[in-house]
Amino acid sequence: METKKIEPILKDERGLFFEVANKLEIRHIVVTTFNENSIRGNQFRKNMDQYFFLISGKAKLITKSLTDSTKHETQLTQGSLSYIPRNTAFVTI
């Protein structure tokens, strides 16, 4: 799993403008929200890599590889982009 911080390329009185994906082949996009103290995920993708981008707030991303049982916990803040490879279970809190 890889996580990096993406800074907005524009910030003004209207809000923030992020360039999240450039030169990537994307086949699937999901936008979701979750309330404080909610849990999302608790799943894995067998045949698909996944990216998780946090627009605002804070969250904890917990991943576990299904091939070698490696576990990671990552604190996410606004602008965090995480790459979750296929066969990795994940939950977001």
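Is Asn42 buried or exposed? Asn42 counts as exposed, at 68% relative accessibility. The cut-offs are under 20% relative accessible area for buried, over 50% for exposed, and partly exposed in between, with a 1.4 Å probe and protein chains only.

## Basis of the model

This is a predicted model, in which local features need pLDDT of at least 70, side-chain atom pairs count only at pLDDT 80 or more, and totals for chains, interfaces and linings use all residues. Residues are numbered from 1 along each chain as its sequence is written, and side-chain values use heavy atoms, with hydrogens and water left out.

## Overall fold

The chain has 0 helices and 9 strands. Its pattern along the sequence is β-β-β-β-β-β-β-β-β. These elements are DSSP runs, numbered from the N terminus: helices are H or I with at least four residues, strands are E with at least two.

The C-alpha atoms fill a box of roughly 45 × 35 × 20 Å along the principal axes. Of the 93 residues in the chain, 23% are buried. Among contacts with a separation of 6 or more, 65% join residues 24 or more positions apart. A contact means heavy atoms within 4.5 Å. The accessible surface is about 7,200 Å², and carbon and sulfur atoms hold 48% of that. Areas come from the Shrake-Rupley method with a 1.4 Å probe; for residues, only the protein chains shown count as cover.

## The largest pocket

Rolling a probe the size of a water molecule over the atoms shows where empty space is left. The largest pocket holds about 1,400 Å³ of space. Its lining has 42 residues, and Val30, Gln50, Tyr51, Phe52 and Phe53 are the closest to its centre. The search uses a 1 Å grid over the protein atoms alone: a pocket is an open set of points with protein on both sides within 12 Å along at least five of seven lines, a cavity is a set where a 1.4 Å probe fits but cannot get out, and lining residues have an atom within 4 Å of a point. Points are joined across faces, edges and corners, and a volume is the space filled by probe spheres set on the points.

Several strands contribute to the pocket lining. Strand 4 (40-43), strand 5 (50-53), strand 6 (58-65), strand 8 (80-84) and strand 9 (88-92) each supply at least two residues. Strand 5 gives the largest share, 4 residues. By class, the lining has 19 nonpolar, 14 polar and 9 charged residues. Here Ala, Val, Leu, Ile, Met, Phe, Trp, Tyr, Cys and Pro count as nonpolar, Asp, Glu, Lys and Arg as charged, and the others, Gly among them, as polar.

Val30 sits in the loop between strand 3 and strand 4. Val30 counts as exposed at 59% relative accessibility. Its C-alpha atom is separated by 9.7 Å from that of Tyr51, 21 residues apart along the chain.

## The cavity

The structure has 1 cavity of 30 Å³ or more. The largest cavity holds about 30 Å³ of space. Its lining consists of Arg45, Met48, Gln50, Ile84, Pro85, Arg86, Asn87, Thr88 and Phe90. That lining divides into 4 nonpolar, 3 polar and 2 charged residues.

## Aromatic pairs

The whole structure contains 2 aromatic pairs. In Phe18 and Phe53 the ring centres lie 5.2 Å apart with planes at 70°, so this pair is edge-to-face. The pair links distant parts of the chain: Phe18 is in the loop between strand 3 (15-17) and strand 4, Phe53 is in strand 5, and they are 35 residues apart. Phe18 is buried at 18% relative accessibility, and Phe53 is partly exposed at 23%.

Tyr51 and Tyr83 have ring centres 5.2 Å apart and planes at 50°, so their pair is tilted. Tyr51 in strand 5 and Tyr83 in strand 8 are 32 residues apart, again linking distant parts of the chain. Tyr51 is partly exposed, with a relative accessible area of 44%. Tyr83 is partly exposed at 24%. Rings of Phe, Tyr and Trp (its six-membered ring) pair if their centres lie within 6.5 Å; planes under 30 degrees apart are stacked, over 60 edge-to-face, and the rest tilted.

## Backbone with positive phi

Most residues other than glycine have a negative phi. Asn42, in strand 4, has a positive phi of about 60°. Asn37 also has a positive phi, near 65°. Asn37 lies in the loop between strand 3 and strand 4 and is exposed at 73% relative accessibility.
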